Amino acid sequence: MNEHTLSMRLERVAAHVPAGARLADIGSDHGYLPVALARRGAITAAVAGEVALTPYESARRTVRENGLDGQVTVRLANGLAAIEPQDGITVVSLCGMGGETIRDILEAGRGHLGGQERLVLQPNGGEPPLRRWLMDNGYRIVCEEVLRENRFDYEIIVAEPGEPVVYSAEQLYFGPLLMTARSPAFLFKWQRMLRQKQQTLANFARARQAVPEHKVREMTEQAHWISELLA
């Protein structure tokens, strides 16, 4: 993968960035996403934010080698602190981190958001607490998808500020739009997850030391939800 050929996961993220957007890609790593979109003429400008020095230098090099210094700004900053008011950001992307990490970045950096940005989020697990943060902070989920790449299941969650919405516990767990659409990739993921939950519950039953009751109860409830979803 590079700025010329994105992974399938990042291509699907890119598809949710509207034409002409001003993008802030937080945790940009090598800067492949903003540079690829800028090369295609798909965005007006971008900020690539990185908290670690090595990927920050990698992103700067990617931008420089593609002659995009005037269009893509790379900043060494913690989370949304990479965004400055004059950037006029319209889309924020956070990809390849755990859902709880993305949630914490959004929570810590709320002051750097103008309140109108589209959020394009690609968590590696931990989706329910991220969806709950979106619900609790006035964001409506407008698109979701599941894709499988290199034997991993990835979810993409796109959210925009809007009318208050209340999602049920099951909707937070599966994704309100995903559980309605029931795509083949979505069903495949949850068939696999059900097998894992059932195996874990069997292991709990055989464990020599007692497993905390709340843990068994939570796992049993989740297995029940998945069984109902797939029925």
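Glu144 is buried, at a relative accessible area of 10%. By buried I mean under 20% relative accessible area; exposed is over 50%, and partly exposed lies in between, with a 1.4 Å probe and protein chains only. Before I go on, this is a predicted model, where local features need pLDDT of at least 70, side-chain atom pairs count only at pLDDT 80 or more, and totals for chains, interfaces and linings use all residues. Residues are numbered from 1 along each chain as its sequence is written, and side-chain values use heavy atoms, with hydrogens and water left out.

Back to Glu144. Which residue forms a salt bridge with Glu144? The partner is Arg131, with the closest N and O atoms 2.8 Å apart. The term salt bridge here requires a side-chain nitrogen of Lys or Arg within 4 Å of a carboxyl oxygen of Asp or Glu. This pair links distant parts of the chain, 13 residues apart: Arg131 sits in helix α5 (residues 127–136) and Glu144 in strand β6 (residues 139–149). Helices (H or I, at least four residues) and strands (E, at least two) are DSSP runs, numbered from the N terminus. Arg131 is buried as well, at 0% relative accessibility. The two belong to a network of salt bridges that also takes in Glu155 and Lys189.

In total, the structure holds 14 salt bridges. In one, Glu107 meets Arg110, with 3.2 Å between the closest N and O atoms; Glu107 has 36% relative accessibility and Arg110 has 43%. In the other, the side chains of Glu57 and Arg60 come to 3.9 Å, N to O. Both of these residues lie in helix α3, three residues apart, about one turn of the helix. Glu57 is partly exposed at 33%, and Arg60 is partly exposed at 36%.

Now the nonpolar cores. A core here is a set of buried Ala, Val, Leu, Ile, Met, Phe, Trp, Tyr and Cys residues joined through side-chain atoms within 4.5 Å. The largest has 29 residues, and Leu6, Val17, Leu23, Leu37 and Ile43 touch the most other members. Elements giving two or more residues to this core include α1 (8–14), β1 (21–26), α2 (32–39), β2 (43–50) and α3 (53–65). Which element gives the most? That is α2, with six residues. Apart from this core lies another, of 28 residues, including Met97, Leu113, Leu130 and Ile141.
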